[in-house]
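Here's a quick tour of a two-part model, one region at a time. Keep the viewer open and follow along.

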Amino acid sequence: MKATVRQIGKVSVVDLSGKITIGEGDVLLREKVSELLEGGQQNILLNLEKVGYMDSAGIGELVACYKRAKEKDGTVKLLNPSGKVFDLLQLTKLEEVFETYKDEKEALVSY
Amino acid sequence: MHNTSATATSVKLVLPSDVKLVDLVHAATEKMAEFAGFDPDESLNVGLALREAVINAIVHGNHQDPGLKVHVTLVAKKRELTARVRDEGNGFDPDSEPDPTAEENLLNTSGRGLLLMRAFVDDVKFRRCRDRGMEITLTKKLNQTQTHETSNSGS
């Protein structure tokens, strides 16, 4: 998996690509979000458009990122989960937890 | 890999308990699903289910003890894939897992593997092995309309 950060105003957009899976994507996601939170960034938007799939470890790490952000009065939202990632969010009912957007501009103004 | 009959192909893998090897089993599973005539989406579904069974065996069964192995058997028949994943640990109780979709559990950071397995294959069976370890058997069948004819099928 790859993760690159774009800072747009007060929002850190993390563009993820590849897969969020055990031992690889989950670790990178944890490191990237922790780095942002430690750096004082509280508004994090994870762009999942180019993520092909996640496994239970990757899904667990998404939840862990959400909780860590909450602890620092921040928030993690999701952008463009598609295909299998969308199915997995529905299956696990995490669509009820995460604010999810299809349009980046709409997501950015939601913070 | 070998043909177990004119219509079945089987593969056996024995892995050390290292999560880095989960991708290898996933890839092998998708290839075997392709042999069984599954389309790419169904192959990915079976691969995702197997991922969870192997993660379960490595993390919960063998507790990531590098001295303990995970045994994977994949059998592809026409329109059907069966996979068995066995660990060498002390076993676990699949019925003790809380429902990860219950509101009070949504923010749990683990415990979704079984949910994913059951979502992506038709049948999931657990069997405690006589000596030690747990075996999970996953089965996925395609109905006639779901059959994906590959370029080398029917030859």
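## Strands in chain B

Strand 3 (residues 69-77) of chain B runs antiparallel to strand 4 of chain B, with seven bridges between them; strands count as paired if DSSP finds at least two bridges between them. Helices (H or I, at least four residues) and strands (E, at least two) are DSSP runs, numbered from the N terminus. Look across from B:H71 and you'll find its bridge partner, B:R86, in strand 4 of chain B. The hairpin of strand 3 and strand 4 of chain B has two residues between the strands, and B:R79 takes a positive phi near 65° there.

Strand 4 of chain B also pairs with strand 6 (residues 134-141) of chain B, again antiparallel and over seven bridges. Here B:T82 sits opposite B:T139 of strand 6 of chain B. Strand 4 (residues 80-86) of chain B is mostly covered, with five of its seven residues buried. Buried means 20 or more other C-beta atoms within 10 Å of the residue's own, exposed means 12 or fewer, and partly exposed is in between, with C-beta atoms placed from the backbone.

## What we're looking at

This is a predicted model: local features need pLDDT of at least 70, side-chain atom pairs count only at pLDDT 80 or more, and totals for chains, interfaces and linings use all residues. Residues are numbered from 1 along each chain as its sequence is written, while chains are lettered from A and ligands numbered from 1 in the order in which they are written.

## A hairpin in chain A

Over in chain A, strand 1 and strand 2 (residues 11-20) pair in the antiparallel sense over seven bridges. A:Q7 faces A:S12 of strand 2 of chain A. Two residues lie between the strands of this hairpin, where A:G9 has a positive phi near 60°.

How many of the seven residues of strand 1 of chain A are buried? The count is zero, and strand 1 (residues 2-8) of chain A is hardly covered.

## Where the chains meet

Chain A puts 18 residues in contact with 19 residues of chain B; contact means C-beta atoms, placed from the backbone, within 7 Å. Helix 2 (56-71) and helix 3 (83-91) of chain A each supply at least two residues of chain A's side. The largest share, seven residues, comes from helix 2 of chain A.

By class, chain A's side has nine nonpolar, four polar and five charged residues. Ala, Val, Leu, Ile, Met, Phe, Trp, Tyr, Cys and Pro count as nonpolar, Asp, Glu, Lys and Arg as charged, and the others, Gly among them, as polar.

Notes
Contact = placed C-beta atoms within 7 Å.
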